[in-house]
Amino acid sequence: MHIAEGVLTAPLLGGGAALTVAGLAVGLKKMDYDRLPRVALLAAVFFVASLIHVPIGPASVHLVLNGLVGILLGWAAFPAIFVGLTLQAVLFQYGGLTALGVNTFCMAAPALLSYALFAPLVRRDSRGLALAAGFGAGALAVLVSALLVALSLWLTGEAFLPMAQALVLAHLPVMLIEGVITALIVEYLRKARPAMLRPGSA
C-alpha cells in the first residue's frame, strides 16, 4: 500500500508530511522509556509483514498489521510505523521518501482509530468480545488505510480514479485476513501475555 515516488502532488506531500510530524510529536511525547522495546518489536513486525508485495500500478498490496500495532501501542504507532516505512523505503525502495509523510499517515492514523475503538474491548473478560474486537481492529485499519491511499491518488488527478478503486477492492480480502490474524494474536496475548493488552504496560 506504499505510494511510490513522483506520484502525488506537492500540496498532498506537504499536507501528509505535516500530519505525520504532528502524529510523531504526540507519539514520542506519550512514549516513555519503558515502552521502547515494545515499540521496537512492533515496528519490526510491521516491517516484516509489509515486505511481501503484489504491485498494483503506483501502489501495492501486502499485509499491514497496523490494526495490531494500533491496539498495542496507541499513539506510539506513529513512530513505530514511521520507522518501518523509512527502512522499507531506504532498503527496498518500497514507497518514496518524499511520500513518506503521506504513507505514514495513511497507515498510522487508522492504527490510532483502531486503538480508540477496540483497545478497551480486547481487555474485557469476554473472550468472544475480545476476538470480535481484534478482528474489527485488524479489518478496519486496513480498510481505512486503503481508503486514505485511494483518496490521495484521486486527489492527485482523475486519471488515478480507476487505480484508486482497484486498490480498495484489492484490499478487501487483505482486510479479512488481517482481521483474522489480529484476532488470533489478541487471543494468544490474552492467554500468554495479558499485560501487553493493558495501556501503559511495557
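**View 1. Helix H4 and what covers its buried residues.** The cover over the buried residues of H4 includes helix H1 (10-30), helix H2 (36-49), helix H3 (66-73) and helix H5 (100-122). Contact here means heavy atoms within 4.5 Å, and buried means under 20% relative accessible area, exposed over 50% and partly exposed in between, with a 1.4 Å probe and protein chains only. This is a predicted model, in which local features need pLDDT of at least 70 and side-chain atom pairs count only at pLDDT 80 or more, while totals for chains, interfaces and linings use all residues. Residues are numbered from 1 along each chain as its sequence is written, and side-chain values use heavy atoms, with hydrogens and water left out.

**View 2. Helix H4 from end to end.** H4 (residues 77-92) has 16 residues and reaches 22 Å from its first C-alpha to its last, close to the 22 Å expected at 1.5 Å a residue, where the expected span is 1.5 Å times one less than the number of residues. Among the buried residues of H4 are Phe78, Pro79, Ile81, Leu85 and Gln88. After H4 comes Gln93, whose phi is positive, near 60°.

**View 3. The elements along the chain.** The chain has seven helices and two strands, which follow the pattern α-α-β-β-α-α-α-α-α along the sequence; helices (H or I, at least four residues) and strands (E, at least two) are DSSP runs, numbered from the N terminus. Of the 202 residues of the chain, 50% count as buried, and among contacts between residues at least 6 apart in sequence, 78% join residues at least 24 apart.
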